[in-house]
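Hi,

Here is the structure I promised to pass on to you. Have a look at it first, and my notes follow below.

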Amino acid sequence: MIGAGLTIVGLLLVLSLAAAVLPNGPKSPVVVYGASTALCSVLATIGFAVLAASADPVGLILPIGLPWLGAHFRIDGLSAFFLLLLGIGGAAASLYAIGYGRHEHEPHRTLPFYPGFLGAMAVVILSDDAFTFLLSWEVMSLLSWALVLTHHRAEDTRQAGYLYLVMAGFGTMVLLLAFGLMAGSGGSYDFAAIRETGRNEMLAAAVLMLMLLGAGSKAGLMPMHVWLPVAHPAAPSHVSALMSGVMTKVAIYGFVRVVFDLLGPLPWWASPVVIVAGALTAVIGILFAINDGDGKRVLAWSTIENVGIIFAGLGLAVAFRANAMPGLAALAMTAALIHAMNHMLFKSLLFMVAGAVLNATGRRDLDALGGLIHRMPVTAALALVGVTAISALPPLNGFVSEWLMFQSVLQSPQLAQPGLQFLVPAAGGVLALTAALAATAFVRFFGVIFLGRARSDPAAAASEVDRWSLGAMAGLAALCILAGVLPGLLIDFVGPAVEIASGDRLVSQTSNAWFTLVPLPQIDSSYSGFLVMAFVAIVGGGAAWTVHRIASRGVRRGPAWDCGFPNADPITQYGAGSFAQPIRRSFGPVVAARETVFMPPPGDPSAARHAASTTDLAWRHLYTPLIALVGALATRANSLQFLTIRRYLSLVFGTLILLLVGLATWN
Amino acid sequence: MPDLAFDIAHMLAGSLVLVSFMMIYQDRLSALLNTFALQALLLAAAVGWQAYIQGASHLYASAGIALVFKAIIVPWALHKMIQRLGIHREVETVVGVVPTMLAGMGLVALSILLMLQLTETAESALAREDLAFSLSVILLGMLMMVTRRNAVSQVVGFMSLENGLILATTGAQGMPFVVEISVAFSVLIAMIVIGVFLFRIRERFDSVDTEAIEHFRGEKRS
Amino acid sequence: MELIGNLLLQGVQMFLVLVLAPGLTGLVRKAKARLTRRRGASVLQPYRDLWRLMQKEVILADNASWLFRVSPYMIVAATWVAASLVPTFAIGLEFSWTADFIAIVALLGSARFFLALAGMDVGTSFGGIGSSREMMIGAFAEPAMLLVVFTVSLVAGSTQLSNVVAFMQSDAVGVRVSLAMALVALVIVALAENARIPVDNPATHLELTMVHEAMVLEYSGRHLAMIELAASLKLLLYVALIGAIFLPFGIGPAGTGFAGLAAGLVFFLVKLVGGGLLLAVLETSVAKMRVFRVAEFLGAALMLGLLGTLLLFVSRSL
């Protein structure tokens with residue numbers, strides 16, 4: 001299996017190189033994306049097969065990389081699950097790109113990097129030593145950076161690319177430090193050796209914090225999230241889908257692999273940090289999603305929110321594991337992993353929807369759209385599935401992971417520490433708030449884009465997108481429904497991955513009647529997505545049929561009523577900014593909302609103006625001072641360039657003495 | 001385990017915390033005073049119930065004091081006062097209601113956590129819980145005093161703090177009666193002092209906003 | 001044979017909530033009218049309204065989409081399914097394990113989601129106002145509700161409503177301050193979710209104050225009937241829920257006989273009438289609050305839910 005996986009990775013890398021030399025014609029995107037689709041499908045199949053067979057871990061050492069280490073690769077349940085996730089996400093994005101890529105003006109800016117990006121992510125998942133892991137992590141970062149810069153002529157994109165590069169560099173540096181700490185003085189860098197090394201709790205907690213910073217910065221955990229809402233939307237939409245849907249999950253894979261598999265026992269007091277970081281990321285992320293006026297940025301902010309939810313679940317798993325409750329840790333871990341899969345499904349779908357809308361209208365700002373349900377009916381229907389799923393509404397898949405998360409929150413009284421007993425329900429409340437706010441954000445997203453009347457000419461003249469794109473979106477929407485209706489299947493499927501990460505797994509769910517979930521048989525809480533779906537469909541259909549049969553079926557079209565004053569101007573509709581107003585008012589301080597109203601003085605006929613803005617407090621209170629500090633230090637250091645030779649020599653000498661003294665005191 | 005006597009005591013003490021939160025929520029002075037009267041009423045009931053289950057007759061007296069002074073006389077007097085001042089509709093808050101309530105949640109969590117850890121050896125579960133609840137009420141009263149500008153609501157916050165103290169003393173068995181009287185008197189004295197103080201502020205500065213004094217102490221920067 | 005009986009019982013429950021729901025709405029209206037010294041329409045008026053609306057033809061706005069036409073049925077279906085899963089006269093019905101308390105809350109969330117989307121579909125300013133405010137109310141009410149769920153299920157040890165009710169009927173409960181807070185929070189949430197005073201006014205058509213009515217402004221005929229039916233069902237659901245959790249007297253235990261079921265039914269009717277009358281008294285005695293005060297009001301419910309959960313640990317750690 002591992003051999004097959006690495007072959008596919010090799011083929012993806014070869015495809016990258018081939019794309020660089022391919023003629024710049026209309027056929028080459030089709031070839032590259034078509035081949036990527038096929039290769040990703042094979043990756044997904046490999047992951048599927050390993051999980052389905054519950055196969056034993058297989059390792060492989062290739063004589064590349066560092067001469068004394070080689071490159072270690074291994075596939076076990078955990079990597080198979082993420083390989084499956086990558087395969088599905090990659091295949092869907094590539095399929096979508098076959099149609100979407102036709103609209104790219106400069107395909108050669110995307111094509112050479114795209115398959116390599118997929119391949120690098122696969123290597124991160126398959127790698128089994130620190131060197132390969134970090135190298136492929138960095139390659140993944142760099143290739144995605146190149147992809148972000150596709151539209152490099154836009155100033156915003158260049159800034160996003162720069163910010164992304166800085167944050168990615170920071171992340172890798174922190175990861176390097178984490179692996180250095182884990183390897184210890186022995187300096188063993190393959191994962192098997194790291195796993196064997198014993199380490200004390202303080203060291204383990206330090207590594208956890210570093211992983212939180214390093215993997216968190218790639219996944220979008222606050223406050224390392226600042227690059228994400230600018231970089232993800234700047235890329236072409238199929239790449240945005242990959243970055244939001246898949247790459248953040250690769251980062252989460254890195255976190256899970258290190259913290260739950262390699263690191264060994266953790267102290268319980270490490271878990272509140274993860275839980276609080278996750279819960280705050282979730283609620284703040286979704287508040288910004290509600291307040292953002294750019295469709296793709298809304299989705300990027302919502303990615304931050306979902307990453308927060310996943311990290312909250314992982315934090316719960318840490319807490320349960322530190323209390324020696326593997327069964328409950330498995331519940332929290334299952335919730336987190338399934339949410340990772342679900343988020344890949346619906347976030348990829350929604351980014352594709354945003355891309356389709358962008359292609360059809362050329363506009364990303366919500367306030368230029370509207371009424372697209374009439375012009376793009378199929379996209380609208382698929383988008384509806386996506387927004388319902390992401391808003392955690394039954395019977396779709398988002399609710400399943402939310403439900404599992406709440407079930408594990410409700411087990412918190414079993415924890416031994418009173419602090420955690422308090423914290424976890426409070427975090428559960430924050431997650432509930434997040435879910436409700438997510439519904440608000442996506443009513444706004446769907447409502448402003450697809451419903452109402454067109455707010456601009458391009459929106460009024462939009463037309464449905466091509467069949468490749470629709471096919472990819474339909475596939476993801478179908479998976480969303482499937483994962484919502486038959487969640488037991490998915491839970492059994494992630495079993496091997498959960499077992500590696502938490503030491504236990506949930507009881508098999510597929511044998512329950514009517515596809516019901518009963519995660520913990522002893523507490524007997526159950527939910528059946530299948531039956532809820534069936535009941536809603538039967539009752540709704542039945543109601544419609546009955547009413548049409550026995551009462552009336554007449555329909556007459558007329559102008560809108562609107563309390564007797566319908567206004568013909570589409571600008572009078574509620575737009576993105578006005579829809580967000582109640583939330584902006586209620587949560588003003590969190591998003592540093594400012595509303596300015598300009599009223600012309602009496603007698604002045606000029607128009608009144610109203611402007612609302614939000615500010616990321618992480619920028620204001622963390623990054624701006626940091627940038628100022630770096631600037632000041634750089635100015636200071638600048639004077640070092642103009643010293644005499646003697647001064648330079650004394651600097652070198654001083655450094656040498658300092659290092660020697662350090663060495664003397666070290667031992 | 002269900003022990004009705006215990007449950008009711010628990011319920012009454014918990015309701016005191018609940019009413020403390022309701023006081024933070026109020027945005028009108030008259031409603032605030034009514035809520036305070038409700039809290040005093042609950043306190044009287046809580047103390048009375050303690051008297052009944054502990055069989056301590058002197059506690060009936062403190063329940064009576066709470067009922068007469070705090071639930072009837074003080075709110076009535078303050079109602080009169082704010083009517084005369086014409087400020088029965090306003091409560092000037094320094095921080096918004098929801099952040100204050102969030103802070104209040106944190107304080108309650110803190111006091112429960114603290115009491116559970118500090119009194120692990122205490123033999124009576126009831127005493128432990130009463131202590132946790134009364135510490136919450138005390139902290140919430142303080143929170144109210146620091147987040148309200150208006151002198152009347154600061155007085156109310158102070159007296160709510162006193163309620164917490166009384167709850168604590170009755171929960172712990174065998175507290176001498178002297179303490180009760182001194183507490184009750186201290187409240188009365190505080191009320192008189194602050195009442196006089198109130199009118200003084202009003203006469204001097206035409207406002208009961210305590211920050212108005214800061215102008216005269218040279219502390220206000222603006 | 002037993003299966004058929006169980007299915008029949010579940011069917012009775014579904015039918016019962018549907019049939020009683022408009023009556024409860026009518027009762028509240030009647031009681032409110034009497035309290036304000038008006039005579040008021042008959043308690044049966046909502047049934048007549050529904051029938052009349054259903055027989056009228058639908059007038060659709062010119063640019064209404066398929067979503068606008070499908071939503072009423074989705075909303076009524078989600079609400080009806082949720083209402084059928086709340087224990088009314090008996091617990092342990094055939095499909096009661098389909099959805100637990102969390103899922104019932106989320107099903108109501110689905111109904112709200114589609115209602116808000118439908119409000120935005122025609123593209124009028126009132127529809128948008130309604131949707132936006134409804135989602136704001138939902139953003140506070142839903143987490144408050146879930147915290148109530150947390151409190152209740154931490155006490156009862158399960159999120160399954162049948163188990164919760166069975167636990168509440170046992171002597172193991174006692175009087176708990178957490179549950180009192182959960183009750184207050186649930187009442188606040190119920191007022192908000194059902195668009196009742198002081199959050200919203202079900203009888204208003206004054207443009208700037210309406211929330212729920214603004215969303216459904218463009219609906220007419222059978223669609224409007226469905227929406228009204230869903231609103232009635234939701235009111236019944238909340239009254240039944242409060243009754244089942246906090247006043248679980250009389251609800252027949254699983255597998256009870258005919259007498260138990262009949263008694264459960266009588267108790268259920270009594271609870272409905274009592275709940276309706278209390279609601280009418282409450283609605284006539286308070287004033288509607290400003291829209292942006294609602295956030296604080298519901299924020300208080302949220303805090304109460306959280307406080308209830310926290311205080312739970314005081315009594316638990318004995």
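In this predicted model, the centres of domain 1 and domain 2 of chain A, taken over C-alpha atoms, are 47 Å apart. The domain assignment puts residues 274-542 + 574-580 in domain 1 of chain A and residues 617-666 in domain 2 of chain A.

Elsewhere in chain A, you will find strand 4 at residues 594-598, which is hardly covered: of its five residues, the number that count as buried is zero. Strand 4 of chain A pairs with strand 5 (residues 609-613) of chain A through five bridges, and the two run antiparallel.

Now to chain C. Its secondary structure consists of 11 helices and one strand, and the order from the N terminus is α-α-β-α-α-α-α-α-α-α-α-α. The radius of gyration of chain C is 19 Å, close to the 20 Å that the globule rule gives for 318 residues, so chain C is as compact as a globular protein of that length. Along the principal axes, its C-alpha atoms fill a box of roughly 60 × 50 × 40 Å. Buried residues make up 64% of the 318 in chain C. Of the contacts in chain C between residues at least 6 apart in sequence, 81% link residues at least 24 apart.

Helix 10 of chain C deserves a look of its own. It covers residues 258-285, 28 residues in total, and spans 41 Å from first C-alpha to last, close to the expected 40 Å. Among its buried residues are C:G264, C:F268, C:G275, C:G276 and C:E283. The buried residues of helix 10 of chain C pack against helix 1 (2-35) and helix 9 (221-246) of chain C.

Finally, how do the two chains meet? Their contact involves 75 residues of chain C and 73 residues of chain A. On the chain C side, helix 2 (45-55), strand 1 (58-61) and helix 3 (66-84) are among the elements that each supply at least two residues. Helix 5 of chain C gives the most, with 18 residues. By class, the side of chain C that touches chain A has 42 nonpolar, 22 polar and 11 charged residues.

Best wishes

Definitions and conventions: Residues are numbered from 1 along each chain as its sequence is written. Chains are lettered from A and ligands numbered from 1 in the order in which they are written. This is a predicted model: local features need pLDDT of at least 70, side-chain atom pairs count only at pLDDT 80 or more; totals for chains, interfaces and linings use all residues. Helices (H or I, at least four residues) and strands (E, at least two) are DSSP runs, numbered from the N terminus. The expected span of a helix is 1.5 Å times one less than its number of residues. A residue is buried if 20 or more other C-beta atoms lie within 10 Å of its own, exposed if 12 or fewer, and partly exposed in between; C-beta atoms are placed from the backbone. Two residues are in contact if their C-beta atoms, placed from the backbone, lie within 7 Å. The radius of gyration is taken over C-alpha atoms; the globule rule is 2.2 Å times the number of residues to the power 0.38. Domain bounds come from an automatic or database domain assignment. Two strands pair if DSSP finds at least two bridges between them. Ala, Val, Leu, Ile, Met, Phe, Trp, Tyr, Cys and Pro count as nonpolar, Asp, Glu, Lys and Arg as charged, and the others, Gly among them, as polar.
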